[in-house]
Amino acid sequence: MSEPYSHIAVLADQVVELLQPQLGQVFVDCTAGLGGHACLIARHIGPTGMIVLNDMDAGNLARAEESARRAMSPDDPESANIVVIQGNFAQLPQELVKRGIVADMVLADLGFASTQVDDPARGLSFRHSGPLDMRMDQSSPIDAAELVNTLPVKEIGDLIKQFGEERHARRIASKIVEARELAPIETTDQLADLVRSAVPYSKGQRSPIHPATRTFQALRIAVNDELGSLESLLRSVKFGAQKVQSGDSGWLNDGTRIAIIAFHSLEDRPVKQSFVRMNTDGLVELITRKPVGADEREIAGNPRSRSAKMRVCRVLGSKAE
Ligand SMILES: C[S@@+](CC[C@H](N)C(=O)[O-])C[C@H]1O[C@@H](n2cnc3c(N)ncnc32)[C@H](O)[C@@H]1O
């Protein structure tokens with residue numbers, strides 16, 4: 001058996017406090033990652049509970065499964081009631097319905113895991129030199145190199161503007177297209193250098209973030225259709241909650257708690273809007289009126305938690321006022 005993975009789950013205490021896991025419940029983890037949250041929940045639901053682990057990344061999923069089995073059933077990990085589903089969480093609700101699984105708690109901790117960002121071969125970070133890949137699902141056909149080397153200049157500019165909220169998007173797109181006329185852009189440092197050369201800074205002015213941050217974010221979101229997947233999950237939550245109200249069976253039940261952790265406003269905005277709309281329609285109760293963030297202590301130990309924003313809602317049954 002391999003070593004346990006050291007991993008800090010973001011907003012760990014708040015996730016447990018707001019999802020309120022109980023013995024025997026079903027926890028659906030849309031983004032299993034390294035299994036940090038799943039292990040925490042496992043201790044509360046015990047061996048009579050069930051955990052569904054989903055992730056696009058096969059390597060992470062295997063790690064999450066190993067850790068969660070040990071957390072759920074330390075004496076006999078193989079007996080732990082764990083269902084593993086590899087794929088995009090956009091398809092997860094249908095997979096659950098197919099298997100007759102109804103969730104008591106759902107968690108989506110969006111974005112990337114440290115195993116992915118810290119691996120130069122995944123091409124996610126301009127801090128490491130690596131191939132321009134960025135795919136969460138390694139079997140997916142389109143990577144970041146394909147986008148920067150084939151899309152027309154306007155589409156590259158639109159993509160960087162929309163998904164990176166980068167005000168120099170047009171300049172960056174032009175630089176990319178100019179450079180690829182000479183040779184394909186294949187590595188993270190090639191792209192980071194190009195972006196740096198395209199972004200103007202007046203003398204003495206320093207940006208608080210690396211100039212390539214927004215461009216890398218934009219490409220990552222596009223390669224993995226991150227916002228499309230989130231929209232799809234939110235639609236399934238609404239559909240599932242409507243079914244609960246009409247007394248039909250689906251993947252949610254009366255009282256299912258749903259927590260979504262976002263790391264930037266492009267993710268948090270649709271979550272907020274969707275939860276508020278479902279609340280207005282009487283489908284859910286808002287457990288958090290404002291997003292929950294990390295405290296100073298957590299941020300000191302895990303700087304990535306600084307931008308985490310969690311929103312939680314609870315599905316209301318037909319008897320609700
Ligand atoms: C921030 S990590 C999750 C960490 C996890 N909560 C933990 O405590 O270990 C995000 C994970 O979600 C996965 N992921 C992101 N978007 C996804 C999607 N649309 N469908 C499935 N998995 C996704 C990534 O591959 C990554 O492993």
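User: What radius of gyration would a compact globule with 321 residues have, and what does the protein have?
Analyst: With 321 residues, a compact globule would have a radius of gyration near 20 Å, and the protein, which is a predicted model, has 21 Å, which agrees.

User: What box do the C-alpha atoms fill?
Analyst: Taken along the principal axes, the C-alpha atoms of the protein fill a box of roughly 60 × 50 × 40 Å.

User: And how many helices and strands are there?
Analyst: The protein has 13 helices and seven strands, and buried residues make up 45% of its 321 residues. Among contacts between residues at least 6 apart in sequence, 67% join residues at least 24 apart.

User: How is the protein divided into domains?
Analyst: Domain 1 takes in 12-110 + 226-315, while domain 2 is 119-223. Taken over C-alpha atoms, the centres of domain 1 and domain 2 are separated by 31 Å.

User: How many residues are in contact between domain 1 and domain 2?
Analyst: Five residues of domain 1 are in contact with four residues of domain 2. On the side of domain 1 that touches domain 2, the residues divide into three nonpolar, no polar and two charged.

User: Switching to helices, which residues of H4 are buried?
Analyst: In helix H4, which runs over residues 92-99, the buried residues are Leu92, Pro93 and Leu96. They cover an arc of only 100 degrees around the axis, which puts them on the same side of H4.

User: Why do residues three or four places apart in an α-helix point the same way?
Analyst: An α-helix has 3.6 residues a turn, so residues with that spacing point the same way.

User: What about the other side of H4, and what covers the buried residues?
Analyst: Gln94 and Lys98 are exposed on the other side of H4. The cover over the buried residues of H4 includes strands E1 (26-29), E2 (50-55), E3 (82-86) and E4 (103-109), together with helix H11 (226-245). Just after H4 comes Gly100, which takes a positive phi of about 70 degrees.

User: Now H10: how many of its residues are buried?
Analyst: Ten of the eleven residues of helix H10 (residues 213-223) are buried, so H10 is largely enclosed by the rest of the structure. The buried residues include Arg214, Phe216, Leu219, Arg220 and Val223.

User: What do they pack against?
Analyst: The buried residues of H10 pack against helix H6 (144-150), helix H7 (153-164), helix H8 (169-182), helix H9 (188-198) and H11. H10 is followed by Asp225, whose phi is positive, near 45 degrees.

User: Where is Thr48, and is it buried or exposed?
Analyst: Thr48 has its place in the loop between helix H2 (36-45) and E2, and it is exposed because 10 other C-beta atoms lie within 10 Å, where the cut-off for exposed is 12 or fewer. Leaving aside its neighbours within four places in sequence, Thr48 is in contact with Leu23 and Gly24. Thr48 and Gly130 are 82 residues apart in sequence and 44 Å apart in space, C-alpha to C-alpha.

User: And where is Asp13?
Analyst: Asp13 is in helix H1 (residues 12-19) and is exposed, with 12 other C-beta atoms within 10 Å. From Asp13 to Leu40 there are 27 residues in sequence, and the two are 9.0 Å apart in space, C-alpha to C-alpha.

User: Last topic, the ligand: how many residues surround it, and which are the closest?
Analyst: The ligand is surrounded by 21 residues, the closest being Ala9, Thr31, Gly33, Gly36 and Asp109. H2 and E2 each supply at least two residues of the shell around the ligand, and the shell divides into seven nonpolar, eleven polar and three charged residues.

Methods:
Residues numbered from 1 in each chain as written. Predicted model: local features only at pLDDT ≥ 70, side-chain atom pairs only at ≥ 80, totals over all residues. Buried ≥ 20, exposed ≤ 12 C-beta atoms within 10 Å, placed from the backbone. Helix = DSSP H or I, 4+ residues; strand = E, 2+ residues; numbered from the N terminus. Arc of directions from axis to C-beta. Contact = placed C-beta atoms within 7 Å. Domains from an automatic or database assignment. Nonpolar A, V, L, I, M, F, W, Y, C, P; charged D, E, K, R; others polar. Near = placed C-beta within 6 Å. Rg over C-alpha atoms; globule rule 2.2 N^0.38 Å.
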